[in-house]
Amino acid sequence: MKLLAIESSCDETAAAVVENGRTVLSSVVASQIEEHKLYGGVVPEIASRRHSEAIVGVTKQALEQAHVTLKELDAIAVTYAPGLIGALLVGVNFAKGLALSTGLPLIPVHHLRSHIASNYITSPELKPPFLCLVVSGGQTHIIDVKDYTDLHVIGQTRDDAAGEAFDKIARALGLPYPGGPEISRAAEEGGPGLVEFPRAWLPGTDDFSFSGLKSAVLNYLNQRRMKGDSLTREEICSIAWAAQEAICDVLSAKAVAAAVREQLPTIALVGGVAANRRLRQLL
């Protein structure tokens, strides 16, 4: 079975052709990062317009790279949620039009389920049951993957996602967008000693909270500015290290504790924050 998959949930327009759910025949991504860097974050209206401009070309390129025609496809899949509503509408409406014109079935896909399923592409030997820690700019979840389509949320953020906290803290430190990779790079130059930030453990739950950490970092920076202090590169790196430790400590400890309690033999890590080296190290 060959699927054309379309994604437009945030600031990247993507299309891929996938065979039997495991083999990626093509994957084409049009990134908007350089444009959104000008504003320190994703501007939804700009993202939607760029999706409209890129989606036809990205889809054509994905089909060409896979050496597949529309007639050879079995279905069209598209991200329908969660994400920026205007951005999602571009992908969904394009996919609807393509499905209508070709007569192909349309498959709406939940973006967090896709994150989890990406494990089967990168690790073909992986099979349920396992625990999955989903950490991205907008979501932070602990998922009990009982079977391929039987997923149970056992923990989630009550306020800010971990990726959002990384981005907001990076912006407060004057680091470029996207903030997660910049915090990670700065943290590698930093270390303990300057400041320590609180962890919200939320005892008795598998949930997360990162709004308090974000406030603690902003309060610390405001206090320094009120004193007339200017931060050195060394201090910025130490603050980045302390913030990263606070986030990754809670994420890893809660995921491992949940896996032990639920007797799940494997932990998978997905989402944009999965690229964070410290989080992978702690897990």
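User: Let's start with Ala257: which helix does Ala257 lie in?

Analyst: Heads-up, this is a predicted model: local features need pLDDT of at least 70, side-chain atom pairs count only at pLDDT 80 or more, and totals for chains, interfaces and linings use all residues. Residues are numbered from 1 along each chain as its sequence is written, and side-chain values use heavy atoms, with hydrogens and water left out. Helices are DSSP runs of H or I with at least four residues, strands are runs of E with at least two, and both are numbered from the N terminus. With that sorted, Ala257 lies in helix H8.

User: Is Ala257 buried, partly exposed or exposed?

Analyst: Buried means under 20% relative accessible area, exposed means over 50%, and partly exposed is in between (1.4 Å probe, protein chains only). Ala257 has 43% relative accessibility, so Ala257 counts as partly exposed.

User: How far apart in space are Ala257 and Asp206, C-alpha to C-alpha?

Analyst: Along the sequence, Ala257 and Asp206 are 51 residues apart. In space, C-alpha to C-alpha, Ala257 and Asp206 are separated by 8.8 Å.

User: Does H5 run roughly parallel or antiparallel to H8?

Analyst: Axes are lines fitted to C-alpha atoms, for helices over the stretch in contact, and angles run from 0 to 180 degrees between N-to-C directions. Helix H5 (residues 162–172) and helix H8 (residues 233–261) pack at an angle of about 175°, with their axes 11 Å apart. Angles under 35 degrees count as roughly parallel, over 145 as roughly antiparallel, 65 to 115 as roughly perpendicular and the rest as oblique. That's why H5 is, relative to H8, roughly antiparallel.

User: How many polar residues are in the contact of H5 with H8?

Analyst: Contact means heavy atoms within 4.5 Å, and here Ala162, Ala165, Phe166 and Ile169 of H5 meet Ala243, Gln244, Ile247, Cys248 and Leu251 of H8. For the classes, Ala, Val, Leu, Ile, Met, Phe, Trp, Tyr, Cys and Pro are nonpolar, Asp, Glu, Lys and Arg are charged, and the others, Gly among them, are polar. The contact has eight nonpolar residues and no charged ones, and the number of polar residues is one.

User: And H5 with H7: parallel or antiparallel?

Analyst: H5 and helix H7 (residues 211–226) pack at about 5°, their axes being 10 Å apart. The two helices are therefore, going by that angle, roughly parallel.

User: How many charged residues sit in the contact of H5 with H7?

Analyst: On the H5 side you'll find Glu164, Lys168, Ile169 and Ala172, while H7 brings Leu213, Lys214, Val217, Leu218, Leu221 and Arg225. Sorted by class, this contact has six nonpolar residues and no polar ones, and its count of charged residues is four.

User: What kind of aromatic pair do Phe208 and Phe210 form?

Analyst: Rings of Phe, Tyr and Trp (its six-membered ring) pair if their centres lie within 6.5 Å; planes under 30 degrees apart count as stacked, over 60 as edge-to-face and the rest as tilted. The structure holds four such pairs. For Phe208 and Phe210, the centres are 6.0 Å apart with 10° between the planes, and the pair is stacked.

User: Which residue puts its charged end over the ring of Phe208?

Analyst: Phe208 is buried, with a relative accessible area of 0%. A charge sits over a ring if NZ of Lys or CZ of Arg is within 6 Å of the ring centre and within 35 degrees of the ring normal. Here the charged end is 6.0 Å from the ring centre, and the residue is Lys254.

User: Where is Tyr148?

Analyst: Ring pairs link Tyr148 with Tyr120 and Phe130 into a cluster. Tyr148 also touches Arg22, Leu126, Lys127 and Pro128, among others, not counting residues up to four places away in sequence. Its place is in the loop between strand S7 (140–145) and strand S8 (151–156).

User: Which residue does a cis peptide bond join to Pro129?

Analyst: Pro129 lies in the loop between helix H4 (111–122) and strand S6 (130–135). Omega of the cis bond is about 5°, and the partner is Pro128.

User: What is phi of Gln263 near?

Analyst: Gln263 lies in the loop between H8 and strand S9 (267–270), and at 71% relative accessibility Gln263 counts as exposed. Its phi is positive in a residue other than glycine, near 55°.
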